[in-house]
Every structure is written in C-alpha cells, then in structure tokens.
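Reader: I am new to this structure and would like to talk it through. Could we begin with a pocket and then turn to charged pairs?
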Amino acid sequence: VLFQQQNYEEAAHYYSLALSMGDRGSDAELGLSWSLLRMHRNEEARAHFQSVIAARGNSTNAAQGLRECDEKPAELVAPLWLQAQFMQSFYAYQNQPVLGRVMAATTGLSALLRGRYYASALYRYSSVGTGDGQTAAFAQHDLYLSAGLTGKLLGATLQYGLIVDGSGYTGTSNHVGLSARLSPLGDILLNLSASLYSDVTALRGELQWNLPLFRGLGVRPGFALQGLSGQLFETGSVTLFYEHPRFGVFVGGKYGDEKRAAYLANSFIYNGQARIPYGAWGGATLRLQEGFKMSFSYAYDRMLRSDVTPSQDYHFHSLNLSFSRAF
C-alpha cells in the first residue's frame, strides 16, 4: 500500500524489515528492489534484483527492474528528501530544592540527498523555572548539527552539540560525537561522544543492537561506558518496540550510573551535576498520510547528588509531543 501511494522511503523500510525475517529472493526483496529504484538508488536496487533472479529465475519482474536500472542511471537525477520537525517538551523536577518546571520548544530540519548523504540541524530553547524563591529563572539554548553517509549495510554520522546554560553553572559547553551503523541482521549501532566542559571532559561510548524478532516486534539491548573525573560508569539498557506501517510503540529502561551523559544521536544532553542510577521511558508514533508523523514520549530519571549538603535525591520527568512532515 505504501508503494502504491508512492511513499517509497517507508515502503523500503518495511520491505527491508520483512526481508530481515525472511528469505533471499522473496517478495519482500522484490518490493525492496522496486522501492529503491523509485528512489533512484539504482546500485542498491540492482543488487537486490540480481538476488531475486538468482533465487527465482524469470518468474518475477526482476529482469525488467534490472533493465530499468541501466536505462535510468542514478547520476541523472538528484532526489532530495526533507523532514521538518517541531517538538514541545515539558520537564519537571520533583523534590529538587532549586529547579522547578521547564518548557522547551525544539525545531529541526533533516535532509537526505540521493538516499545517501545525510545532514540535520536542530535547535531547542528551554525556559527553566526555579522554586527556591532566591534563584532567578533562566534560559538554556541547545544546538545540534550532524552530517554523514548512509547505505544498506553501513552508515556513519559526525555530530556536534552546543549548549549555552543561562544559569552559569556549566556555561557554554561543546560536544562532539560519531555514530556508526552496521546492518548484517538488524542494526548494530556504535555511539561515541566527548563533552568538553570548563571543569571536566566526559567521554562516553555506547553499543546497541536493533534486533528484529517477529512481525514488527523487536528488541534493542545496549551497554554504555562513561569516564569523567577519574571515574568509570557502566549503564545497561533495553528497549522493546513494535513497528507497524501506521504506528509504532516502544518501552524501555536503563540501570547503572551515568553522569553528564551525551545522547547526541537523540539530540539530548544531561549537563547537570546529578548522578543517574536508573531510568525508564516509553512512547508511541502515528504515521499519517502524506509523510506526516506525530509522536509522544515520556521518560523518567532518578537523580542523586552527594556532592552537596544535605544530599539531594530527586526525580526528573520528561513529556514530549513531536510533529514531523517529510517532503
């Protein structure tokens, strides 16, 4: 249905998901071939058409697709995919003596050229309220930039983050990172980051595996190592998700200490001083017509500070409502 609607990007995604759970030369691979061809990703389409022919001979229209790969070279076209995003977030600090509620607005734009060259820019403005009657409210500005290359088997993205903390606590901080993907079965993801603060440098490495299980159901286990101020933190995580052509849902959690962790792939950085021993999250996505997508998510983090007297034990809640439109 997605292919008939000329929504080739999403059609290719779900054909690829079906192929990862099926056999070479199947209808899923044939559908993936035609979707890639319609996106002018001729070389990728050619390899799949050849796989279908090798498995099923001339019993399909794969030979016709292979001819079209030669008749319509990808170099003659330059398709551009764009996605605009707006997200409204509400953060709440529970039992925190100074910080209160936060309203944050995020806008972003992503681009994919010829199905291979990727770039994105995202800006977030946060208005931070306080509750101690002495500390003035302040604003925080976040900027995230990324650029990279993507393909069927491999992908890599360079990332940069800039945070201007209006409270003066961390001031201006710079964050650089690299995300890499290997997709032999599902997606194996490696995220590396370095956060450069005026008082400390935080290094973080995370390995995740998006593993399809059965008919859209999948699991993403992960493990992260973080080092700062001579300390080493370890965090394990797992997310269970279900993907349908019209919607998706996910729920997950993490356990193990982390501090000032940079999630550049998710455009979010914890730049406070608290240690996080565990957290949980969940959400849902609706894929509507004409490339329009709406998503909602909630996340919870337990926060601990032992570097102040008395020690602080509080909770952080995050609600996010996002709208995106692909062109």
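Reader: What does the lining of the second largest pocket have by class?
Author: The lining of the second largest pocket has 16 nonpolar, ten polar and four charged residues. Here Ala, Val, Leu, Ile, Met, Phe, Trp, Tyr, Cys and Pro count as nonpolar, Asp, Glu, Lys and Arg as charged, and the others, Gly among them, as polar. This is a predicted model, in which local features need pLDDT of at least 70 and side-chain atom pairs count only at pLDDT 80 or more, while totals for chains, interfaces and linings use all residues. Residues are numbered from 1 along each chain as its sequence is written, and side-chain values use heavy atoms, with hydrogens and water left out.
Reader: Which residues lie nearest the centre of that pocket?
Author: Tyr93, Leu99, Phe138, Asn271 and Gly272 do, out of 30 lining residues. A pocket is an open set of points on a 1 Å grid over the protein atoms alone, where a 1.4 Å probe fits, with protein on both sides within 12 Å along at least five of seven lines; lining residues have an atom within 4 Å of a point.
Reader: And which strand gives the most to the lining?
Author: Strand 3 does, with four residues. Strands are DSSP runs (E, at least two residues), numbered from the N terminus.
Reader: Changing topic: how many salt bridges does a search of the whole structure find?
Author: The search finds 16, a salt bridge being a side-chain nitrogen of Lys or Arg within 4 Å of a carboxyl oxygen of Asp or Glu.
Reader: What does Asp199 form a salt bridge with?
Author: Its partner is Arg260, and the closest N and O atoms are 3.1 Å apart. Asp199 sits in the loop between strand 7 (187–196) and strand 8 (201–214), and Arg260 in the loop between strand 11 (247–259) and strand 12 (262–263), so the pair ties together parts 61 residues apart in sequence.
Reader: Is Asp199 buried or exposed?
Author: Asp199 counts as exposed at 52% relative accessibility, whereas Arg260, at 4%, counts as buried. Buried means under 20% relative accessible area, exposed over 50%, and partly exposed in between (1.4 Å probe, protein chains only).
Reader: What about Asp301 and Lys254: where do they lie?
Author: Their side chains meet in a salt bridge (3.1 Å, N to O). Asp301 lies in strand 15 and Lys254 in strand 11, so this pair links parts that are 47 residues apart in sequence. Both Asp301 and Lys254 are buried.
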